[in-house]
Every structure is written in structure tokens, then in C-alpha cells.
Amino acid sequence: MSTNFSLPDVSDPMERHPKAPAPGDPFRLHHDLCHGCGVNAPGGLHVTVYAGEGFTTTAEMKVEEWMLGGPGVIHGGVLTAAFDEVLGTTPLIIGVPVVTGHLEVDFLKPIPIGSTLHFEAEVAAKERRKVFVRAVARLDDSDEPVATASAIFIEIDLRKHYAKYYDSASQSRL
Ligand SMILES: CCCCC/C=C\C/C=C\C/C=C\C/C=C\CCCC(=O)SCCNC(=O)CCNC(=O)[C@H](O)C(C)(C)COP(=O)(O)OP(=O)(O)OC[C@H]1O[C@@H](n2cnc3c(N)ncnc32)[C@H](O)[C@@H]1OP(=O)(O)O
């Protein structure tokens, strides 16, 4: 399948889930070995995503030496993984578990090792099982975006989707 990020003319109605974290509170880890959020993931990103107002979230990530791509700057794949984590957690604000279907990233400025990235994301629309999410990343000393991302996530039944792999998923909070 080939696609691109194009918002539907009209979104299905969306509501903040009653059990979503309050603004400023973190989403709970789903697995401590998750590459994106797991506290015990070797070489993981260790990103915590926080609920914002409405359908928004925020997150931060310190850009460490091991994330290096070009000399002194972040690798584009590491940044893409960070966006996947932030964007992919955001639909939980409407109570929808998802997997990534399509993810686009625009790399606007080099991102230096040693800086801290600040992410802001929002669920922009939902159409049947598709959840459209956008995010922007900035450096701590600037309001100027250094990267943006847009993604289409697909709503899943967690237990059915991961049934075949359940041994390794058994520690997950499904
Ligand atoms: C890693 C997290 C998992 C942990 C689970 C445990 C607990 C989690 C709880 C909450 C999660 C918390 C945090 C998550 C944090 C980060 C998120 C990281 C997410 C990932 O990193 S996850 C890995 C990469 N990801 C995959 O591993 C997906 C592989 N893939 C598939 O598993 C199937 O391909 C699937 C299920 C996507 C679809 O299959 P399907 O048969 O169920 O659905 P179907 O084809 O009928 O499509 C239904 C509608 O989606 C549209 N659609 C389909 N595919 C599309 C695409 N690619 N692009 C755009 N639209 C697409 C169709 O066009 C149709 O749209 P329409 O309604 O308009 O017809």
C-alpha cells in the first residue's frame, strides 16, 4: 500500500477519553523494554509522553552522543523513531490503541548532540480506524521548528493484533 498524509474533509467525532491522564501527567509505560518509552530498553529512547489540553501531548528528548548521525548532529532515523513514539502515544488521549501505518518527517534544521528536543503533538482527525496525528519539534532555546511529522495510525484490537507474539508481549499493559 502506498499513501500520504491527507486529512479527511470531515473528522469523525472525537472525545478526550475519561481515563486519559490529566494535562501535565504522563502516559503510563506499556512495556519497560519498549524502544521508545521503556525505562529498561537497552539503547532505547526513554521518551516520556505527557498529556496536554484537548487532543494534544508533549514530550522531551535529550539528544545524546549515541544518537549521532552526521558529525555533531542527530541521525534522521533516531529522530523518526522519536516522532513515532510521540505521535503513536497521542491517540491514547482519545482512548484509541494504534499501530503506525504511515509516517512522514520533514527535517528542517540540523539538531545538535547535547540539545534537548521539545515535541508537541495533536490528534488532528479520525476517520473510521484511521487516526491522523501531527507533531512539531523545537530546540529548547528557540521557537523555530527544527522538524515536523505527520502520521496515519490504524486503530487495532490490541489482544488480537499481538496474539501471535503474545509471549514477548505478556508483560505489556494491554
Ligand atoms: C509498539 C507499541 C505496541 C505495544 C502494545 C501494547 C500496549 C500499547 C498501548 C498503547 C500504545 C502506546 C504507545 C505506543 C507508542 C508508540 C507507537 C509506536 C507504534 C509502532 O511503531 S507500531 C509498529 C509499526 N507498524 C506496524 O507494525 C503495522 C503493520 N501493519 C499492520 O499490522 C496492518 O497493515 C494494519 C493493522 C496497519 C492494517 O491492517 P488491517 O487489515 O487491520 O486494516 P485494513 O487494511 O482493513 O485498513 C483499515 C484502514 O486503514 C487504512 N490503512 C491500512 N494500512 C495503512 C497504511 N499503511 N497507511 C495508511 N492507511 C492505512 C486502510 O486504507 C483502511 O482505511 P479506510 O477505513 O479508509 O478503508
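Which backbone atom lies 3.1 Å from a nitrogen atom of the ligand? Select Thr-100: a backbone N or O atom of this residue sits 3.1 Å from that ligand nitrogen. A pair like this counts as a polar contact, meaning N or O atoms within 3.5 Å; within protein, one must be able to donate a hydrogen and the other to accept it, and residues adjacent in sequence count only if both atoms are side-chain atoms.

Before going on, some ground rules. This is a predicted model, where local features need pLDDT of at least 70 and side-chain atom pairs count only at pLDDT 80 or more, while totals for chains, interfaces and linings use all residues. Residues are numbered from 1 along each chain as its sequence is written, and side-chain values use heavy atoms, with hydrogens and water left out.

**Stop 1**

Now pick Arg-129, which has a polar side-chain atom 2.8 Å from an oxygen atom of the ligand. On its own the ligand exposes 1300 Å², and the protein buries 63% of that (accessible areas come from the Shrake-Rupley method with a 1.4 Å probe; for residues, only the protein chains shown count as cover).

Next, show the whole shell of 21 residues around the ligand, where a residue is near if one of its heavy atoms lies within 4 Å. Asp-84, Gly-101, Arg-128, Arg-129 and Lys-130 come nearest. Color the shell by class and you get 7 nonpolar, 8 polar and 6 charged residues. Here Ala, Val, Leu, Ile, Met, Phe, Trp, Tyr, Cys and Pro are nonpolar, Asp, Glu, Lys and Arg are charged, and the others, Gly among them, are polar. Helix H1 (76-89), strand E3 and helix H2 (158-161) each give at least two residues to the shell; helices (H or I, at least four residues) and strands (E, at least two) are DSSP runs, numbered from the N terminus.

**Stop 2: a loop residue with positive phi**

Stay with Arg-128, in the loop between strand E4 (116-127) and E5. Its phi is near 55°, a positive value in a residue other than glycine. Most residues other than glycine have a negative phi. Is Arg-128 buried or exposed? Arg-128 counts as exposed, at 58% relative accessibility (buried is under 20% relative accessible area, exposed over 50%, partly exposed in between, with a 1.4 Å probe and protein chains only).

Then jump to His-46, in the segment before strand E1 (49-51). His-46 also isn't a glycine, and has a positive phi of about 55°. At 43% relative accessibility, His-46 is partly exposed.

**Stop 3: under the surface**

Select Ser-115, in the loop between E3 and E4. Ser-115 is buried, with a relative accessible area of 10%. Follow its side chain to the backbone oxygen of Pro-112, 2.5 Å away.

Over in helix H1, find Phe-83, which is buried at 0% relative accessibility.

**Stop 4**

Finish at Asp-157, in the loop between E6 and H2. Asp-157 is partly exposed, with a relative accessible area of 41%. Draw a line to Val-96, 61 residues away along the chain; the C-alpha atoms are separated by 9.3 Å.
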